[in-house]
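Me: I have a structure open and would like to talk it through with you. Could you take my questions one by one?

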Amino acid sequence: MNQNPFQALVTLVELDHAIELLINEKKSAEKIVVQAQKHLTALEEEKQILHNRSKEKKIQARSIEQEIGRIDQEIQKKQQLVDTSRSAKEVTLLRDEIVFIEKESARLTEQMFPLWEEIESGDKFLQALGVQLQEAQKVYNTTLEEQKHVQERVDEKITILHDKRTAVEPLVNPEMLHEYTRMRKTVANPIVFVDGNSCPVCFYLLSSNEQTIIRRQARVICQNCYRFLYKRLI
Ligand SMILES: [Zn+2]
């Protein structure tokens with residue numbers, strides 16, 4: 001292990017950065033699962049709503065059909081009465097009644113057609129939705145499986161990096177470590193290493209004075225984002 005305290009800080013910062021990237025990788029995998037889950041839930045909810053609507057329409061259709069059946073029986077009864085009646089007056093009266101009831105039956109039958117059409121197209125839509133739902137379930141299962149793999153792989157890597165970090169931490173200059181730890185509470189990467197002449201995070205251009213300081217392996221505070229800037233050791 002390199003005993004140079006500055007080199008130790010560089011290693012520590014790079015380890016933290018690597019850990020952060022791995023955590024982000026894990027979060028992205030989790031986000032994909034959440035999205036797949038949301039899509040699945042939305043489809044399930046839509047299916048439930050359509051299913052309930054279809055059920056209501058079928059109940060409505062059945063009740064109209066029953067009413068038509070009842071009316072048709074009534075017509076038959078009255079027709080029998082017409083056939084057996086000996087009173088012309090009664091026959092006229094019954095026939096008037098039959099005409100009136102037949103109109104009601106026709107009106108209900110008319111109501112039935114659009115209702116059955118709605119039920120039929122609703123059922124077709126539900127069937128298509130069922131296929132979509134199966135696909136969404138497959139996607140969800142796959143992403144969940146992938147996310148588990150990512151998590152396992154990333155967790156293993158993180159454990160290794162944490163062990164390395166624990167080993168390197170005592171080698172860092174305590175003052176630097178204290179400042180770094182304090183600043184990390186507010187910003188994820190408070191120490192950045194400069195390759196050119198500007199802050200790699202906010203692109204603040206270093207003055208020639210600052211460039212001279214940084215070349216001497218000394219710390220410069222970015223005047224724009226207040227991160228600590230060090231020259232990378234090659
Ligand atoms: Zn900056």
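What follows is a short exchange about the domains, the sheet, the core and a few single residues.

Me: Before I read too much into it, what kind of model is this?

Reply: It is a predicted model, and everything I say below should be read with that in mind.

Me: OK. How is the protein divided into domains?

Reply: There are two of them, with domain 1 covering 5-170 and domain 2 covering 190-234. Their centres, taken over C-alpha atoms, are separated by 57 Å.

Me: And how many residues of each are in contact with the other?

Reply: Four residues of domain 1 are in contact with four residues of domain 2. On the domain 1 side, the residues that touch domain 2 divide into three nonpolar, one polar and no charged.

Me: Now the sheet. In what order do the strands come?

Reply: The order is β1-β3-β2, in an open sheet of three strands with mixed pairing. Because β1 (191-194) and β2 (220-221) stand at the edges and each has a single partner strand, one side of each is left without a neighbour in the sheet.

Me: Does β1 run parallel or antiparallel to β3?

Reply: β1 and β3 (residues 228-231) run parallel and are joined by four bridges. In that pairing, isoleucine 191 has phenylalanine 228 of β3 as its bridge partner, while valine 194 has lysine 231 of β3. Helix α4 (residues 208-215) packs on the sheet, where it touches β1, β2 and β3, and its direction makes about 65° with that of β3.

Me: What about β2 and β3, how many bridges there?

Reply: Two bridges join β2 to β3, and this pair runs antiparallel. Valine 220 stands opposite leucine 229 in β3. The two strands form a hairpin with six residues between them.

Me: Switching topic, which residues make up the largest nonpolar core?

Reply: Seven residues in all make up that core: Ala8, Leu9, Leu12, Val13, Leu15, Val172 and Ile191. Helix α1 (residues 5-84) gives the largest share, five residues.

Me: Why does leucine 115 count as partly exposed?

Reply: Because it has 16 C-beta neighbours inside 10 Å, and a residue needs 20 or more to be called buried, or 12 or fewer to be called exposed.

Me: Is serine 121 buried or exposed?

Reply: Serine 121, which is also found in helix α2, counts as exposed because it has 11 C-beta neighbours inside 10 Å. The C-alpha atoms of serine 121 and threonine 11, 110 residues apart along the chain, are separated by 65 Å.

Technical notes: Residues are numbered from 1 along each chain as its sequence is written. This is a predicted model: local features need pLDDT of at least 70, side-chain atom pairs count only at pLDDT 80 or more; totals for chains, interfaces and linings use all residues. Two strands pair if DSSP finds at least two bridges between them. Two residues are in contact if their C-beta atoms, placed from the backbone, lie within 7 Å. Axes are lines fitted to C-alpha atoms, for helices over the stretch in contact, and angles run from 0 to 180 degrees between N-to-C directions. A nonpolar core is a set of buried Ala, Val, Leu, Ile, Met, Phe, Trp, Tyr and Cys residues joined through C-beta atoms within 7 Å. Domain bounds come from an automatic or database domain assignment. Ala, Val, Leu, Ile, Met, Phe, Trp, Tyr, Cys and Pro count as nonpolar, Asp, Glu, Lys and Arg as charged, and the others, Gly among them, as polar.
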